[in-house]
Amino acid sequence: LDARQGPLAAGLVEWRGRRAAAVTSMQTAALRLEVAQAARDVAAAEPAEAERQAQALQASVDMAEAALGAAAERLGRAELAARSALTACRASEAALSEARDAATRAEVRAEQAQAALAQLLADTPRSPELGSPGSESAPADLSDAAETALRRRLARLARERDEIGPVNLRADLELAEAEAESAAIAREHDELGAAIARLRGQIGHLNREGRERLLAVFTAVDGHFQVLFARMFGGGRAQLGLVGSDDPLSAGLEIYAQPPGKRLSTLSLLSGGEQALTALSLIFAVFRCNPAPICVLDEVDAPLDDANVERFCALLTDMAREAGTRYLVVTHHQSTMASMDRLYGVTMQERGVSRVLSVDLARAAEMVG
């Protein structure tokens, strides 16, 4: 018993240590459980926060679109005002130029009049005593020819004086007013230039966001289009491409398709049935990215043969099941009619009187069975 008492005492100490460690582990686990529950509560609130942020982002997008429209309108008004201001500035500059030309012509005419007057005074006989013109002493030549020449000279000088016209005493004031108006127009032009620069910056931001969204949607539609094309044709490959420009907003769309057993070519080089199947693949690819509640297809199966009609009907059934879209198909093909859930037909039992008939194929099949 004494020999067994020592190991038993050591085992008791060991088990007591294990008990203490287990208690500590249990407390740690309880703390971790509380932290995990708190994290779970925070994570439970994140979907609502994400939805709120998405709504806020959508509101921001709507506000940005409204701001873009208002900015475009303001830009149009600003450009119209700038053109009006530029026209007024040009008119003011033309008026100023005409005023300066008129002043220059007046100065030239005044100088010519002064020169003519000096010449006249120089040609007037001088008094021998006083040696000055205009004295009452008789000129040296008193002939009729001299008198006629003097009268002609006086008449010519009078005409030149009349041609000079009245002096515009308000030319300096008009020049100051024109310069002030030109300075005001220049300030308005600078303000309009700054506003146009801000608007162009906002337009550039919206264009960048539009390019990002367009490329994202284009990539998604291209992926669905490749899958649906291979399914509609039972093989082959196809893809979408942006052509004509490096800018996605101004680039064109080209469809490249390679049906089984043929070379890769554009949509325009395919046959009528192949073009119809390719177009249907693209339409359904767009519907996969953004499903609509109702889709109307007007005789899209007209150029298809029976095998392709069956593929089209199978794809149409799968699309209706995946997205919940109701397809309204206008057709004359019996296979397409047979795969529909309900038929609507227009008949004319009497001349000028039309009736619409409706047949539920599933219920009719149950009644027949």
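Modeller: Let's start with F312. Skipping its neighbours within four places in sequence, F312 is in contact with M232, L280, F284, L297, V300, D301, L304 and T336. Bear in mind that this is a predicted model. F312 also belongs to the largest nonpolar core, a set of 32 residues, where F225, F284, L297, F312, L316 and Y327 touch the most other members. Among the elements giving two or more residues to that core are helix 3 (171-233), helix 4 (272-289), strand 4 (294-298) and helix 5 (306-323). As a rule, nonpolar side chains in soluble globular proteins tend to be buried together.

T336 counts as buried because its relative accessibility is 0%, with the cut-off for buried at under 20%. Again leaving out neighbours within four places in sequence, T336 is in contact with D301, V309, F312, C313, V329 and T331. D301 turns up in the contacts of F312 too, and its side chain is joined to that of T336 by a polar contact of 2.6 Å.

Technical notes: Residues are numbered from 1 along each chain as its sequence is written. This is a predicted model: local features need pLDDT of at least 70, side-chain atom pairs count only at pLDDT 80 or more; totals for chains, interfaces and linings use all residues. Side-chain values use heavy atoms; hydrogens and water are left out. A nonpolar core is a set of buried Ala, Val, Leu, Ile, Met, Phe, Trp, Tyr and Cys residues joined through side-chain atoms within 4.5 Å. Buried means under 20% relative accessible area, exposed over 50%, partly exposed in between (1.4 Å probe, protein chains only). Helices (H or I, at least four residues) and strands (E, at least two) are DSSP runs, numbered from the N terminus. Contact means heavy atoms within 4.5 Å. A polar contact is a pair of N or O atoms within 3.5 Å; within protein, one must be able to donate a hydrogen and the other to accept it, and residues adjacent in sequence count only if both atoms are side-chain atoms.
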